[in-house]
Amino acid sequence: MKVVNLEFDPSEIYRPGLEVENGKAKEEYRNFKEGPLMERVYNTYLLMHTHQTTEFVRKKNEEYGGCNHHRMTIMEALDLLDNVVDESDPDVDVPNSYHAYQTAEGIRKAHPDKDWFHLVGLIHDIGKILALAGEPQWAVVGDTFPVSCKVQPSVVFWDSTFHNNPDVKNPLYNTKYGIYRPNCGLEHILMSWGHDEYMYKVMRHNKFALPQEAYYVIRFHSFYPWHTGGDYMHLCSEEDLKMLPWVKEFNKFDLYTKGEDLPDPKELKPYYQSLVDKYCPGQLCW
Ligand SMILES: [Fe+2]
Ligand SMILES: [Fe+2]
């Protein structure tokens, strides 16, 4: 199996919003800004903002939209995600599934009555298995943004990373609305390609019996320029604004449940298996 280093996700490192939300994170943010990671973060976004074009996104949507690459269960996919680390990296000793269970357990504690939301926590990053298919980091992780319209200022490094993206020179795509109509709704927007959109497609293809909120959270959880930055509201429908609080609520657990006590996946598995059996059982198409 191909082993890829996904321990580093720029979307989880560069978080301007953390400054105001969490004192501890503010310090971390400053350290990252000054430290060697910042260059790596910048370079990942430079690649992403250069190569995530309308054409690229359409191609990836087509390539993965049919979900005809693999067949496996949710739990098998989750286990697979554990292999998506660089084993030669001495700092990497916590499998990715810990983040899945931490997010899920955080949500479970705060929303004991919403089992669908617990499952969302567990599965939200499974789309990162794209890296096992050989997709580069900039096409798997990081913040997402709409293509085919003008980049808004809350996209990270928006003013220094898009200069070689051909879309910014294309008059079809470089206006405020680009190819979209005012308030057309995010469901009609082409988002930069990554693990959010891939997992959303897997959910739809396999008809997960989850509420609309679940689909929505998974699809847009990395769209920080919107849910945290407050941009792109001119493309949103009423429905999007209704869903926004759910994305924000989820985001709290995605970000702030890291680094606390490590959960014991073995102990938790039976509960989450019961949720999988309820909402997305059996062999799925990926
Ligand atoms: Fe994610
Ligand atoms: Fe996550």
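**Notes on the helices around α8 and α13**

1. Let's start with helix α13: the cover over its buried residues includes α6 (74-82), α7 (96-110) and α8 (115-123). Cover here is judged by contact, meaning that the C-beta atoms of two residues, placed from the backbone, lie within 7 Å. This is a predicted model, in which local features need pLDDT of at least 70 and side-chain atom pairs count only at pLDDT 80 or more, while totals for chains, interfaces and linings use all residues. Residues are numbered from 1 along each chain as its sequence is written, and chains are lettered from A and ligands numbered from 1 in the order in which they are written.

2. Now the overall picture. The protein has 13 helices and two strands; helices (H or I, at least four residues) and strands (E, at least two) are DSSP runs, numbered from the N terminus. Of the 286 residues, 41% are buried. A residue is called buried if 20 or more other C-beta atoms lie within 10 Å of its own, exposed if 12 or fewer, and partly exposed in between, with C-beta atoms placed from the backbone. Among contacts with a separation of 6 or more, 79% join residues 24 or more positions apart.

3. Back to α13, residues 265-279. Its 15 residues reach 19 Å from the first C-alpha to the last, close to the 21 Å expected at 1.5 Å a residue (the expected span is 1.5 Å times one less than the number of residues). There is a bend of about 30° at Tyr271, taken as the angle between axes fitted to the seven residues ending there and the seven starting there. Tyr272, Leu275 and Val276 are buried in α13. A handy rule: an α-helix has 3.6 residues a turn, so residues three or four places apart point the same way.

4. Helix α8 deserves a careful look. Seven of its nine residues are buried, so α8 is largely enclosed by the rest of the structure. Those buried residues are Phe117, His118, Leu119, Val120, Gly121, Leu122 and Ile123. They pack against α6, α7, α9, α10, α12 (238-256) and α13.

5. How do α8 and α13 meet? Their axes come within 10 Å and cross at roughly 105°. Axes are lines fitted to C-alpha atoms, for helices over the stretch in contact, and angles run from 0 to 180 degrees between N-to-C directions. The two helices, α8 and α13, are therefore roughly perpendicular (under 35 degrees is roughly parallel, over 145 roughly antiparallel, 65 to 115 roughly perpendicular and the rest oblique). Asp115, Trp116, His118, Leu119 and Leu122 of α8 touch Tyr272, Leu275 and Tyr279 of α13.

6. Compare α9 (residues 195-205) and α10 (residues 212-220): their axes come within 7 Å and cross at roughly 150°. This pair, α9 and α10, is therefore roughly antiparallel. On α9 the contact uses Asp196, Glu197, Met199, Tyr200 and Met203, and on α10 Tyr215, Ile218, Arg219 and Phe220.

7. Lys207, in the loop between α9 and α10, has a phi near 50°, a positive value in a residue other than glycine. Tyr232, in the loop between α11 (224-227) and α12, has a positive phi too, near 65°. Is Lys207 buried or exposed? With 9 C-beta neighbours inside 10 Å, Lys207 counts as exposed. Tyr232, with 22 other C-beta atoms within 10 Å, is buried.
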